[in-house]
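Visitor: I would like to learn how to read a model like this one. Please take me through it feature by feature.

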Amino acid sequence: MRKPFVAGNWKMNTDSLTSVGLARAVADSTIDIAGETVDVAILPPFVYMCNVVGALSTSHIAVGGQDVYFEQKGAFTGEISAAMLKDAGCAYVLCGHSERRHVIKETDELINKKVSASISGGLLPILCVGELLDERKANKTGEVVKRQIERGLAGLSEEKMLAVTIAYEPVWAIGTGLNATPEQAQQVHSMIRILVEKLYNKHIAEEMRILYGGSVKADNAKLLMEQADIDGLLVGGASLKADEFIAIIKAAV
Ligand code: PGA
């Protein structure tokens with residue numbers, strides 16, 4: 001049985017005060033379920049990581065990075081290593097979020113190095129995949145997602161693969177208010193699980209959690225979570241409103 005998993009990606013939002021307030025509000029209202037019936041993670045901006053880890057210290061909500069660099073240390077100005085994230089109290093890290101792929105122009109090869117380095121550094125990577133609107137219109141969703149997964153996971157051993165979560169986030173649904181219907185999402189999630197079984201084995205495919213992301217709100221969370229292969233939600237905009245994010249977490253239980 002896969003435990004539901006809800007992650008809130010704050011992106012480049014909040015400040016030192018609001019990050020702590022938001023984290024505390026979420027922790028206070030989910031104290032009886034977070035870490036028990038649903039895994040919850042908050043992914044704040046790097047600079048507020050320690051504040052948020054402190055604010056969540058008495059809760060079972062995990063913290064994660066929104067990105068990571070694959071080198072262990074050295075002259076990589078502006079970058080953050082997996083070891084640093086781990087040291088700061090992170091358990092998870094996003095790799096290949098669509099904004100990194102399409103705004104910062106990260107390649108599948110770079111993302112693959114990040115996934116691998118994250119696991120070596122003791123983090124649980126969340127590999128994000130998803131097609132652009134033009135790719136969906138051209139019926140290329142399966143092809144694009146397959147390529148992103150094959151390249152993103154290239155060279156990863158079965159043991160390392162057990163640390164991976166995949167997030168399917170159709171790019172056209174992120175921050176747009178449009179979201180994939182539960183059926184559209186389920187179709188891609190099921191395809192991903194079958195692909196992982198082919199690349200690895202049935203056990204890994206059945207254990208692996210696949211999150212859906214893209215305009216998730218309190219009022220669509222339940223229907224999405226009812227789909228057989230949707231194991232959790234990666235939430236952007238709605239994770240910045242305590243009440244909305246709390247309702248999403250509760251809907252995922
Ligand atoms: P959204 O973002 O919920 O604001 O669409 C999701 C994401 O980018 O992870």
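Visitor: Which residues is Ser118 in contact with, leaving aside its neighbours within four places in sequence?

Guide: Contact means heavy atoms within 4.5 Å. By that rule Ser118 meets Val68, Ala82, Val93, Cys95, Leu123 and Pro125. This is a predicted model: local features need pLDDT of at least 70, side-chain atom pairs count only at pLDDT 80 or more, and totals for chains, interfaces and linings use all residues. Residues are numbered from 1 along each chain as its sequence is written, and side-chain values use heavy atoms, with hydrogens and water left out.

Visitor: Is Ser118 buried or exposed?

Guide: Buried means under 20% relative accessible area, exposed over 50%, and partly exposed in between (1.4 Å probe, protein chains only). Ser118 has a relative accessible area of 0%, so it is buried. Ser118 lies in helix α5. Helices (H or I, at least four residues) and strands (E, at least two) are DSSP runs, numbered from the N terminus.

Visitor: Where does Lys114 lie, and what does it touch?

Guide: Lys114 is in α5 too, which covers residues 108–120. Its relative accessible area is 2%, so Lys114 is buried. Beyond residues up to four places away in sequence, Lys114 touches Asp67, Val68, Phe70, Cys95, Arg100 and Glu106.

Visitor: How do I read sequence separation against distance in space?

Guide: Compare two pairs. Leu85 and Ser118 are 33 residues apart along the chain, and their C-alpha atoms are separated by 9.3 Å. Ser118 and Ala238 are 120 residues apart in sequence and 26 Å apart in space, C-alpha to C-alpha.

Visitor: What surrounds Leu85?

Guide: Leu85 lies in helix α3 (residues 82–87). With a relative accessible area of 2%, Leu85 is buried. Not counting residues up to four places away in sequence, Leu85 touches Phe46, Met49, Gly65, Asp67, Val68, Ile80, Cys90, Val93 and Leu123.

Visitor: How should I read the faces of a strand?

Guide: In a regular strand the side chains alternate between the two faces of the sheet. Now take β7, residues 210–213. Ile210 and Tyr212 are on one side, Leu211 and Gly213 on the other. All of these are buried, and both faces are covered.

Visitor: Which strands pair with β7?

Guide: Two strands pair if DSSP finds at least two bridges between them. Three bridges join β6 (residues 165–168) to β7, and the two run parallel. Ile166 has Ile210 as its bridge partner in β7. Three bridges also join β7 to β8 (residues 232–235), again parallel. The partner of Gly213 in β8 is Leu234.

Visitor: What do the buried residues of helix α12 pack against?

Guide: They pack against β1 (5–9), α1 (16–29), β2 (39–43), α11 (218–225) and β8. The helix itself covers residues 242–252. Its buried residues are Ala242, Phe245, Ile246, Ile248, Ile249, Ala251 and Ala252.

Visitor: How many helices and strands does the protein have?

Guide: There are 12 helices and eight strands. The radius of gyration, taken over C-alpha atoms, is compared with the globule rule, 2.2 Å times the number of residues to the power 0.38. The protein has 17 Å, close to the 18 Å that the rule gives for 253 residues, so it is as compact as a globular protein of that length.

Visitor: And the totals for burial and contacts?

Guide: Buried residues make up 53% of the 253 residues. Among contacts between residues at least 6 apart in sequence, 71% join residues at least 24 apart.
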